[in-house]
Amino acid sequence: MPTPDSDHVMLAPDDEALLLDRLRAGDEDAFEALVARHSSAMLAAARMYVKTDAAAEDVVQDAWLGVLKGLARFEARSSLKTWIIRIVVNIARTRGAREARSVPFSSLATGADEAAVAPDRFRPPGGAFPGHWNSYPRDWRSLPEDSLVQLETTRAVLREIGRLPGAQQAVIRLRDVEGWTAAEVCAALDLTDGNQRVLLHRARSRVRGALERHFDG
Amino acid sequence: MAEHAEHITCQEVVELVTDYLEGGLPAAEVSLFEQHILFCEGCRTYLEQMRLTVSTVGRLDTGDVPDQLRDRLLSAFRDWKRP
Ligand SMILES: [Zn+2]
C-alpha cells in the first residue's frame, strides 16, 4: 500500500487498478503518478506523427484529457498503457494530417531497404568470399569495463535515437527503453508484426552503428 | 543471392539478426543462421554487439516529464475535476 509520499513511479503495474480508482475519485497524486509513468511513451508515440516536441506535448495533453473523459468506459481487462497510447496515436494522426505532415506510411516504409551495415564492410561480389566481412567488427567485451555505461556513450545513443525517423524512434523507445512486448507495440501503434520488426531492426542497427563510431572514433 | 540455399553470407546475417533475436525466423533459417554464427567469428561478435546495443538502450533513463508539460497537465486535471 503506497504512502502519499512514496515514489509513485516505482509502483508495480498491478497498482494501476488502484491508481485508476483513485483517479476516478479525482485524486491528483494518482494523476501525477500516471503522468510520470506513461508520458515518456506517449511523447515517443506522438512523435511518429507530429514534427516537433511542442506539438507532441500538445498531443499528450489532449490525450490525457481523452483518458480522463474515457475513464468510465475503460475496461480494466485491457492494458492501460496500450489504451493510452492508442488515444495518443488517434489524436496525433489527426493532427499530423492537419499539419500536412501525414508521414506514417512513408515513415513506416523507410528503412526496409536500408542496409544494417554499410555494404563496403563486406567483400564485393565476384571475388573470393563475396558478402563476407572485410575486417571483423570489434569485440566490445574487450573495451574497458565501464565503456557501455559511460555518460558519453549514453549521450551518443540518445543522439542517434533522436535522429531516427519518427516510427523507428517510437518503436525502439517502447520496445527497448520502456520494455514493451512486440505484441503491445503492434496493438498500440497499429503496426503489423512484420512492420514492427523492420522498424526495430533499422533502429537497433543504426544505434549499433552509432556505438561503433563512438568506440572506434 | 547465395549460390547454395545451404549457406548465408555475413551481409545476410546482419539483416537477419533482429528476426533471430525476436524469434521470428523460420526453423530452417534459424539453423542456417546458427551454423554461420558457429563458424564465423565476425558475425558472432556482431551478434554480441547487437545484444549489447539492446541492453545499453534498455538502461537509458526515460527522464522526467518536462516541467512545463506536467504543470499544464495538472491544471487541465484541476479543470476536469471541477464540474
Ligand atoms: Zn559471418
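Helices (H or I, at least four residues) are DSSP runs, numbered from the N terminus. The structure is a predicted model, in which local features need pLDDT of at least 70, side-chain atom pairs count only at pLDDT 80 or more, and totals for chains, interfaces and linings use all residues. Residues are numbered from 1 along each chain as its sequence is written, chains are lettered from A in the order in which they are written, and side-chain values use heavy atoms, without hydrogens and water.

Arg175(A) lies in helix 7 of chain A (residues 166–177). Arg175(A) has a relative accessible area of 13% and is buried (under 20% relative accessible area; 1.4 Å probe, protein chains only). Its side chain makes polar contacts with those of Gln196(A), at 2.9 Å, and Glu22(B), at 2.8 Å. A polar contact is a pair of N or O atoms within 3.5 Å; within protein, one must be able to donate a hydrogen and the other to accept it, and residues adjacent in sequence count only if both atoms are side-chain atoms. Beyond four places in sequence, residues in contact with Arg175(A) include Trp180(A), Val185(A), Leu200(A) and Arg204(A) (heavy atoms within 4.5 Å).

In chain B, helix 2 comprises residues 27–39. Leu32(B), Phe33(B), His36(B) and Ile37(B) are its buried residues.

How values were computed. Helix = DSSP H or I, 4+ residues; strand = E, 2+ residues; numbered from the N terminus. Buried < 20%, exposed > 50% of the residue type's maximum accessible area, 1.4 Å probe, protein only. Expected span 1.5 Å × (residues − 1).
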